[in-house]
Structures are given as structure tokens and as C-alpha cells.
Protein chains: 6
Amino acid sequence: MPMVKMVDDASASPAAKEVFDDIRGSRNTDYVNNIWRTLAVHPPMLKRFWNYMKEVMIEESRLDSLTKEYIYLAVSMTNNCEYCIHTHIAAARKKGMDDEMLAELVEIVALANAGNRLTQGLQVEVDERFKPRFD
Amino acid sequence: MPMVKMVDDASASPAAKEVFDDIRGSRNTDYVNNIWRTLAVHPPMLKRFWNYMKEVMIEESRLDSLTKEYIYLAVSMTNNCEYCIHTHIAAARKKGMDDEMLAELVEIVALANAGNRLTQGLQVEVDERFKPRFD
Amino acid sequence: MPMVKMVDDASASPAAKEVFDDIRGSRNTDYVNNIWRTLAVHPPMLKRFWNYMKEVMIEESRLDSLTKEYIYLAVSMTNNCEYCIHTHIAAARKKGMDDEMLAELVEIVALANAGNRLTQGLQVEVDERFKPRFD
Amino acid sequence: MPMVKMVDDASASPAAKEVFDDIRGSRNTDYVNNIWRTLAVHPPMLKRFWNYMKEVMIEESRLDSLTKEYIYLAVSMTNNCEYCIHTHIAAARKKGMDDEMLAELVEIVALANAGNRLTQGLQVEVDERFKPRFD
Amino acid sequence: MPMVKMVDDASASPAAKEVFDDIRGSRNTDYVNNIWRTLAVHPPMLKRFWNYMKEVMIEESRLDSLTKEYIYLAVSMTNNCEYCIHTHIAAARKKGMDDEMLAELVEIVALANAGNRLTQGLQVEVDERFKPRFD
Amino acid sequence: MPMVKMVDDASASPAAKEVFDDIRGSRNTDYVNNIWRTLAVHPPMLKRFWNYMKEVMIEESRLDSLTKEYIYLAVSMTNNCEYCIHTHIAAARKKGMDDEMLAELVEIVALANAGNRLTQGLQVEVDERFKPRFD
């Protein structure tokens with residue numbers, strides 16, 4: 001259970017209500033997830049994170065929408081964020097990810113975590129040729 | 001500097017030499033990166049990690065090659081693996097990633113790390129609708 | 001459920017009993033938290049961690065008591081320690097933290113986790129002027 | 001060295017230039033840190049993170065300015081962000097932190113990381129009395 | 001609950017069935033753990049991780065079997081992997097670990113996590129004499 | 001370079017000097033490592049961590065001295081603590097660890113980090129039979 005009381009529509013401040021409405025509109029659903037109802041305990045925090053999420057994850061950009069979900073999931077799996085894993089796997093499935101693609105994702109995440117520790121554990125140094133040059 | 005002596009071609013055991021050759025062939029280059037020369041201190045470790053990397057990252061599969069690099073990088077950035085960040089950014093650039101795409105990647109990594117902590121810090125619970133059902 | 005059996009008063013060794021009494025006295029309560037009853041499986045471990053906690057967190061020092069809780073919580077939120085988040089939020093609330101202050105805390109934790117990854121992901125180097133000089 | 005070329009004033013886009021000017025004004029200095037010159041490779045990313053930082057860390061709020069730095073530092077020390085540790089220790093020193101206060105901060109960070117692992121390693125469960133109740 | 005459907009014997013593909021049989025044989029038990037039934041959603045992933053685990057953890061080598069479990073557990077406790085902590089504590093108990101040895105393990109894990117942050121938080125540099133020399 | 005000035009013998013307070021002497025005696029060497037000279041900026045912190053280290057790592061107990069170093073190293077590699085990796089590899093080598101044993105250690109650390117993420121990424125639940133029972 002969250003450490004603060006989740007905010008329902010009836011008790012939402014006007015500032016929180018405005019964000020809830022933007023969430024509903026942007027996502028084309030009437031449902032507002034627990035994370036937003038929790039952040040609403042402090043409306044400026046809700047507004048900031050929602051706008052950050054909307055601008056980075058929802059607005060069109062160079063990376064396509066499913067690739068963005070993979071990246072978000074790779075971080076959430078590494079940090080073991082149960083909530084984030086559940087909601088972003090649901091989002092990725094809506095965008096076409098099936099079980100095999102999920103398996104490939106999680107296996108790369110595992111491989112990278114292994115590779116990171118081999119490299120850090122033995123303190124391997126960056127090869128000269130992989131150091132960036134800007135002139 | 002690595003915690004063990006890197007293995008050059010002259011001193012490589014036959015088992016290590018065989019992996020070096022496979023690396024050269026698979027990557028179409030004569031250069032063998034520091035990580036492989038370091039792992040070669042224990043040839044079975046070198047062989048296992050190289051095969052794991054080759055099967056998961058290099059062989060054709062459902063996820064395309066650049067997407068795989070993004071996922072590997074998202075993990076490496078979260079774990080601050082300097083070596084891995086350098087080598088996999090180099091690999092991703094070869095596959096078409098430019099500065100703007102790199103910026104999008106790192107910003108999603110930052111956003112996800114923020115979102116993970118908002119959710120974990122307030123102990124938000126998974127919405128019923130995001131729990132997987134299998135029947 | 002903990003991986004070892006928690007120690008109740010009846011079965012506590014004299015060494016564990018002594019620490020339980022010190023906890024009760026220092027905290028002015030009869031209740032002994034699960035963490036202490038678990039560590040009591042190995043009394044020297046219980047005694048060491050309790051003394052460490054008491055000296056660093058409870059004894060008067062330069063940082064005030066609520067600030068110490070914020071720092072402890074910032075770490076626990078970053079590591080997603082469910083137990084620690086619950087008990088130290090309870091402690092901080094007793095010392096005056098309300099929902100808005102908790103929201104500010106968690107938002108800084110999220111911001112810092114984002115900033116850490118922007119910096120590490122792009123491998124930004126320390127500006128000359130921020131390197132410490134001692135002469 | 002950063003993985004992208006840092007942006008100097010001469011080559012900054014109008015959008016990046018505007019943020020640089022806001023940084024100079026808000027901080028009352030002519031110097032723009034490496035992190036901002038790096039993020040400027042993608043001006044929307046620069047603008048988003050600067051605004052997030054400004055609103056959460058610089059604007060007046062319930063937590064005082066030095067306490068905010070402690071929280072930011074506790075996270076950065078746990079994540080071993082060399083850049084962030086350097087710049088935020090410099091900021092905290094400006095706001096009055098001396099060596100002894102820094103020592104207290106880092107010792108609480110160490111203690112919390114130890115306590116988190118004792119609790120997680122033994123899988124201690126939250127006491128009933130520390131579970132939040134909202135009615 | 002896992003994010004994919006666990007694979008029972010009846011629905012296992014021949015490739016997955018073969019790994020299940022190898023697990024049963026190597027471990028001398030008829031029971032196949034949840035992790036393997038979950039990885040079986042993508043048989044090549046199941047096969048790769050099982051072989052990796054078998055070669056590194058089960059086959060005879062320089063480190064004895066219980067020491068290997070301690071190392072695996074030290075990582076799992078630091079990452080708070082609930083599943084891994086449970087299964088590898090069970091494995092270590094079978095190999096002779098009692099409560100006191102478990103307590104020693106978890107206390108070293110806590111101490112190391114503390115020591116890591118003291119060192120990183122204050123950015124202590126490696127003494128010349130501890131830098132490896134190879135000539 | 002550390003964020004505070006390291007304390008040499010000439011400028012050490014009596015409390016710090018006493019710990020330096022205990023280090024020299026316990027380790028049978030005249031050399032005092034950088035970590036201790038850094039912690040000496042706040043003598044109570046120096047004394048606490050040194051005593052913690054001495055009691056857990058140096059005093060005789062159920063786990064042998066080299067096994068303790070492996071556990072400390074497994075944590076330090078997972079957290080990428082460069083200082084700790086260097087000093088504890090040096091300590092382990094003194095106690096008999098050769099290159100092959102180091103390779104086995106780092107490979108288990110990598111494997112465990114991979115296994116942790118497979119399990120967490122797919123949210124595998126603990127099998128009933130691995131849940132501890134105490135009655």
C-alpha cells in the first residue's frame with residue numbers, strides 16, 4: 001500500500017484534476033493509474049512527472065514508441081521496480097510485444113548486467129579506439 | 001588497468017586463440033577488444049561469455065540489431081559501466097545512432113530511473129488491471 | 001517472512017536480551033521491531049548494528065534528527081528497501097514530516113537518480129573548478 | 001570525456017542559449033557547468049532537466065536548501081556518480097556544510113546501505129504497526 | 001506472478017523438455033523450479049541460462065560448492081532478488097550452512113555495502129601500492 | 001582525489017592516532033591505507049568503521065578468511081567500487097587467491113547479476129517449497 005493516501009476524483013484539487021483530465025485525454029481512457037493518484041498528494045510533483053513522461057515517452061520523436069518501452073523496461077528490470085515492470089510490459093504488449101520479444105528483452109538485460117560486472121570486476125580499461133574524439 | 005594481465009596473441013592458449021579467431025571472423029575486423037583479452041586469463045570464461053554475447057546480440061532474431069544496443073546501453077548507463085558505455089555507443093553509432101538518438105536514449109534512461117524511485121519511494125501497488133492473467 | 005526464526009524475549013540469549021533492553025530504554029517504548037528480533041539470531045551482529053545505529057542516528061550531533069531520517073530514507077528509496085522505507089517514514093513522521101515534506105523528499109530522490117544517469121550515461125567529466133584543492 | 005561534443009556559447013542554438021542565460025541568471029554566475037554544455041547537444045533535453053532541477057532544488061519550498069543538497073548527495077553517493085558528488089558537495093559547502101557535517105552525511109549513507117542489506121538479505125517483513133492506515 | 005505463463009511438462013516443447021530432463025538428472029530430483037518453467041517460454045533462453053548455471057555453479061572447479069553459493073548470495077542480497085535469496089539459501093543450507101554462517105554472510109554483505117559508500121562518497125583514490133603491476 | 005584532506009600522522013588527533021596504531025598492529029605493517037587517512041577527518045567515524053571491519057573481517061569466526069574476502073569482493077564488484085576492488089583483491093591474493101580463482105569469482109558475480117535480472121524482469125515467484133518454515 002502506498003505511503004500516502006491515493007487521491008480520488010472527488011477529493012482532487014483543481015491542479016490535480018487538470019492533470020487527471022490530461023492523462024485521460026492523452027491516453028484515450030477513463031482510467032487513471034495508481035501512480036498518478038499517488039503523486040497527486042503533491043500536485044506540482046504530479047504535474048512535473050506527468051509532463052516529463054508525456055514529452056519523452058508519448059510525443060513523436062526519433063525513437064519509435066515500442067523501442068522507448070524497451071528502454072524504460074530495461075531500466076526497470078535492472079532496478080527491480082515491480083510496479084514499473086507491470087505497467088510498462090502492459091504498455092509494450094499493446095504496442096505489439098509478444099512473449100518471444102519480451103524474452104529477448106529480458107535476456108539482453110541479463111547479459112548486459114553480467115557483462116557490466118565482468119568488466120567492472122576486472123576493471124577493464126577503455127580501448128584507445130573507443131574513446132570519443134571531437135575536433 | 002585490469003586486475004589481471006591481458007592476453008596477447010603470442011601468449012594465448014589454443015582455447016583462447018580459437019575464440020579470438022571467432023571474434024575476428026564474426027566482427028570482420030582484426031582487432032580484439034580489451035574485454036576479450038582480459039577474460040582470456042581463464043579461457044572457459046572467455047568462451048562462455050563470447051558465445052552468450054554472440055548468440056544474444058549478434059545472431060539474427062526478433063529484435064533488430066540497433067534496438068538490442070539500446071537495451072544493452074540502458075542497462076550499462078544505469079550501472080555506470082564506463083567500458084560498456086564506450087564500446088556499445090561505438091557499436092550503436094556504426095548501426096546508425098546519431099547524437100539526437102543517443103540523447104533520446106539517455107533521457108529515457110534518466111526518466112525511468114526517476115519513475116522507478118517515485119514508485120518505490122512511495123511504495124505504489126500494482127493496479128489490479130495490470131496483473132497478468134493466464135488461463 | 002525472514003530467512004531465520006525471529007527471537008522472542010523468552011528465547012533470547014542474555015546478550016540479545018541486553019540489547020533488547022537498551023532498545024526499549026533508548027526508544028522509550030516496550031516494542032522491539034522485527035529487524036532486531038531477526039538480527040538476534042546472531043547476538044554479536046545484533047549488538048554491532050544496534051550500536052552503530054544508536055551512535056549515528058540517535059545520539060546528538062551536528063545534523064538534526066529529522067535531516068538524518070531524510071538521508072536514511074533517500075538511500076532506502078534508491079535501494080528499494082521496503083522494510084526500511086516503512087519504518088523510517090514512520091520515524092520521520094513522528095519528528096514532524098508531513099505528506100508535503102515526504103513528497104519533496106521523494107521528488108529530490110527521483111531527480112537525483114535522473115541526474116546521476118544523465119551524467120553517467122554521457123560520461124560528463126568534472127569541471128576543473130569543482131575538483132577539491134588542499135594545500 | 002563526454003560521449004558527445006560539449007556546446008560552447010558560439011555554437012549554441014537559440015533554445016540552448018536561452019537556457020544558458022537562465023542558468024547564469026538563476027545562479028548569479030557567468031560559468032555554465034559541463035553537464036549543461038553536454039545536455040545542450042539536444043536542447044529539449046537541456047531545457048527539461050534544467051527546469052526540473054530549478055523547480056525542485058532552487059525554488060523556495062518546505063525543505064531548506066542545504067537539506068535538499070544532503071538528499072541529492074545521499075543518492076549520488078549510493079549510485080557513485082563522481083560528477084554529481086563533486087558538484088553537489090561544492091554546492092553544499094557554499095551553503096555551510098563543513099567537513100564534520102560531510103562526514104556525518106556519508107556515514108549515514110553507509111549505515112543505511114548496510115541496514116538495507118541486513119533487512120533485504122534476511123527478508124525481514126514490515127511490522128503490522130508500521131503499515132500505513134488511511135481511513 | 002510471472003509476466004509470462006509458466007510451462008508445465010505437458011506443454012513443453014521438445015527443446016524445453018530436454019532441459020527439464022537435464023535439470024532433473026543433474027540435481028537428482030523430480031522437481032523443476034519456477035525459474036526454469038518461466039524461462040521455458042523461450043527455449044533458447046532456458047537452455048543458455050541453464051548451461052551457464054550448470055557449468056559455473058555445479059561442475060567441479062577451484063572454488064568449493066558452498067563458497068560459490070556464498071558469492072551468488074552476496075550478489076543477490078545486494079540486488080534484493082527475493083527469489084534468488086530464497087532458492088540459494090535453501091541450496092546453501094543443504095551444503096551445510098547454518099544460521100550462524102548465514103548471519104556472518106549477511107553481515108559481511110552489509111559491511112561491504114557500507115564500506116563501498118564510505119569510499120565512493122568521499123572519492124578515495126587507490127593507493128599506489130594497490131595498483132596491479134604486470135611486467 | 002578524496003573530497004576531504006587526508007590526515008597524516010603529524011596532524012592526526014589523539015583519537016585518530018590511536019586507531020592508526022591499532023591498524024598497524026592488527027595488520028602487522030607500518031602502512032596506513034588511504035581509506036583510513038580519509039575517514040580520520042572525523043575520528044568517531046574512523047573508529048566505528050575500523051572496529052566494524054576488524055570484528056567482522058579480521059577476527060576468527062566460522063567463515064574462513066579467504067571466503068570473507070570473496071564475499072566482500074562480490075559486493076564491491078556489483079557496486080563497482082574501484083577502491084574496494086583493488087584493496088580486497090590485494091588482500092585475497094595474499095591469502096592465496098590466484099588468477100583462476102579470481103576468474104571463477106568474477107564469473108559467479110556476473111552469473112548472479114544475470115540470474116537476478118531474469119528472475120526480477122519476469123517477476124518469478126518463490127516456489128512454496130523454498131519458503132522458510134519455523135515451528
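Copies are superposed by least squares on the C-alpha atoms of residues with pLDDT of at least 70 in both, and the superposition shown in the first view below, like every other view, is taken from a predicted model.

**View 1. Chain D laid on chain E.**

**View 2. The interface of chain D and chain E.** The contact draws 20 residues from chain D and 20 residues from chain E, and the two chains bury about 1700 Å² between them, with 64% of that area on carbon and sulfur atoms. Across this interface the rule finds zero salt bridges, while it does find three residue pairs in polar contact, both residues of each pair being at pLDDT 80 or more.

**View 3. The side of chain D that touches chain E.** Two or more residues of this side come from each of the elements α4 (65-78), α5 (82-94) and α6 (99-121) of chain D, and α6(D) gives the most, with eleven residues. Divided by class, the residues of this side of chain D are ten nonpolar, seven polar and three charged.

**View 4. The two domains of chain A.** Chain A is divided into domain 1, which spans 1-59, and domain 2, which spans 61-125. Taken over C-alpha atoms, the centres of the two domains of chain A are separated by 25 Å, and their contact takes eight residues from domain 1 and seven residues from domain 2.

**View 5. The area buried between domain 1 and domain 2 of chain A.** About 560 Å² is buried between these domains, and carbon and sulfur atoms give 57% of it. On the side of domain 1, the residues that lose the most area to domain 2 are A:M53, A:M57 and A:E59, which together account for 67% of what that side buries.

**View 6. The side of domain 1 of chain A that touches domain 2.** The helices α2 (34-39) and α3 (43-58) of chain A each supply at least two residues of this side, and α3(A) gives the most, with four residues. By class, this side of domain 1 has five nonpolar, two polar and one charged residues.

How values were computed
Residues are numbered from 1 along each chain as its sequence is written. Chains are lettered from A and ligands numbered from 1 in the order in which they are written. This is a predicted model: local features need pLDDT of at least 70, side-chain atom pairs count only at pLDDT 80 or more; totals for chains, interfaces and linings use all residues. Side-chain values use heavy atoms; hydrogens and water are left out. Domain bounds come from an automatic or database domain assignment. Contact means heavy atoms within 4.5 Å. Buried area is the accessible area (1.4 Å probe) that two parts lose on being put together, summed over both. Ala, Val, Leu, Ile, Met, Phe, Trp, Tyr, Cys and Pro count as nonpolar, Asp, Glu, Lys and Arg as charged, and the others, Gly among them, as polar. A salt bridge is a side-chain nitrogen of Lys or Arg within 4 Å of a carboxyl oxygen of Asp or Glu. A polar contact is a pair of N or O atoms within 3.5 Å; within protein, one must be able to donate a hydrogen and the other to accept it, and residues adjacent in sequence count only if both atoms are side-chain atoms.
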